[in-house]
Amino acid sequence: MKPLTIEYIIKNSKPHSMSLMGGEYKSARQYVEQVGDYTLSIVGGGQGLYGNFKNSFEVALIDNTNGNFVTGKYSSKGEDVLGWAGIDDINEIYFNIPRKN
């Protein structure tokens with residue numbers, strides 16, 4: 001399994017639903033990946049999001065079985081949603097997500 005890169009996240013992102021609101025939200029982006037029973041959501045680039053989607057990101061890991069945020073369970077930062085995360089923070093979470101064999 002390869003680590004995620006900033007370039008890969010940006011290239012494979014889509015406009016965040018907030019971007020439809022225009023104004024300071026028009027540049028909001030989101031990258032989503034399903035990993036096992038989890039959804040990895042990486043957002044940024046809009047007001048109210050904790051990352052610029054260039055070198056900092058807001059990251060959430062959601063348990064699909066119950067809808068709970070479990071980011072802190074797989075990150076040394078221990079937060080439900082991790083703001084201003086760098087690529088190393090993202091990959092720490094990414095590599096710790098349980099995967100089905």
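This is a predicted model: local features need pLDDT of at least 70, side-chain atom pairs count only at pLDDT 80 or more; totals for chains, interfaces and linings use all residues.

Mentor: Let us begin with strand E3, residues 38-44, which is mostly covered: seven of its seven residues are buried.

Trainee: Which residues of E3 point one way, and which the other way?

Mentor: Tyr38, Leu40, Ile42 and Gly44 point one way, while Thr39, Ser41 and Val43 point the other way, and all are buried.

Trainee: How do you know that E2 and E3 pair?

Mentor: Pairing asks for at least two bridges between the strands. Strand E2 (residues 29-35) and E3 have seven bridges in the antiparallel sense, so they count as paired. Tyr31, for example, has Ile42 in E3 as its bridge partner, and Val35 has Tyr38. In the hairpin of E2 and E3, two residues lie between the strands, and Gly36 takes a positive phi near 60°.

Trainee: What makes E3 and E4 a pair?

Mentor: The cut-off is again at least two bridges. E3 and E4 have six, in the antiparallel sense, and therefore pair. There, Thr39 stands opposite Ile62 in E4.

Trainee: What is the order of the strands in the open sheet?

Mentor: Five strands form it in the order E1-E2-E3-E4-E5, and the pairing is antiparallel.

Trainee: Why is one side of E1 and of E5 left without a neighbour in the sheet?

Mentor: Strand E1 (14-15) and E5 stand at the edges, and each has a single partner strand, so one side of each has no neighbour in the sheet. Helix H2 packs on the sheet, where H2 touches E2, E3, E4 and E5. The direction of H2 makes about 150° with that of E5.

Trainee: Which residues of H2 are buried, and what covers them?

Mentor: Asp89, Ile90, Asn91, Ile93 and Tyr94 are buried in H2. Their cover includes helix H1 (6-11), E2, E3, E4 and E5.

Trainee: Which residues have the most contacts inside the largest nonpolar core?

Mentor: That core has 19 residues, and those with the most contacts inside it are Leu4, Ile9, Leu40, Ile42, Val59, Leu61 and Ile90. E2, E3, E4, E5 and helix H2 (87-96) each supply at least two residues of this core. Leaving aside residues up to four places away in sequence, Leu40 touches several residues, including Leu4, Tyr31, Val59, Leu61 and Ile93.

Trainee: Why is Thr71 called buried?

Mentor: Buried means under 20% relative accessible area. Thr71 has 0% relative accessibility, so Thr71 counts as buried. Thr71 lies in the loop between strand E4 (57-63) and strand E5 (81-85). Among the residues Thr71 touches, not counting those up to four places away in sequence, are Val59, Leu61, Val81 and Ile93. A polar atom of the side chain of Thr71 also lies 2.8 Å from the backbone nitrogen of Leu61.

Trainee: Why is Asn64 called partly exposed?

Mentor: Exposed starts over 50%, buried is under 20%, and partly exposed is in between. Asn64 has a relative accessible area of 39%, so Asn64 is partly exposed. The place of Asn64 is in the loop between E4 and E5.

Trainee: What makes the link between the side chains of Asn64 and Gln34 a polar contact?

Mentor: The limit for a polar contact is within 3.5 Å. The side chains of Asn64 and Gln34 are joined at 3.1 Å, so the distance meets that limit. Not counting residues up to four places away in sequence, Asn64 touches Gln34, Asp37, Tyr38 and Thr39.

Definitions and conventions: Residues are numbered from 1 along each chain as its sequence is written. Side-chain values use heavy atoms; hydrogens and water are left out. Helices (H or I, at least four residues) and strands (E, at least two) are DSSP runs, numbered from the N terminus. Buried means under 20% relative accessible area, exposed over 50%, partly exposed in between (1.4 Å probe, protein chains only). A polar contact is a pair of N or O atoms within 3.5 Å; within protein, one must be able to donate a hydrogen and the other to accept it, and residues adjacent in sequence count only if both atoms are side-chain atoms. Contact means heavy atoms within 4.5 Å. A nonpolar core is a set of buried Ala, Val, Leu, Ile, Met, Phe, Trp, Tyr and Cys residues joined through side-chain atoms within 4.5 Å. Axes are lines fitted to C-alpha atoms, for helices over the stretch in contact, and angles run from 0 to 180 degrees between N-to-C directions.
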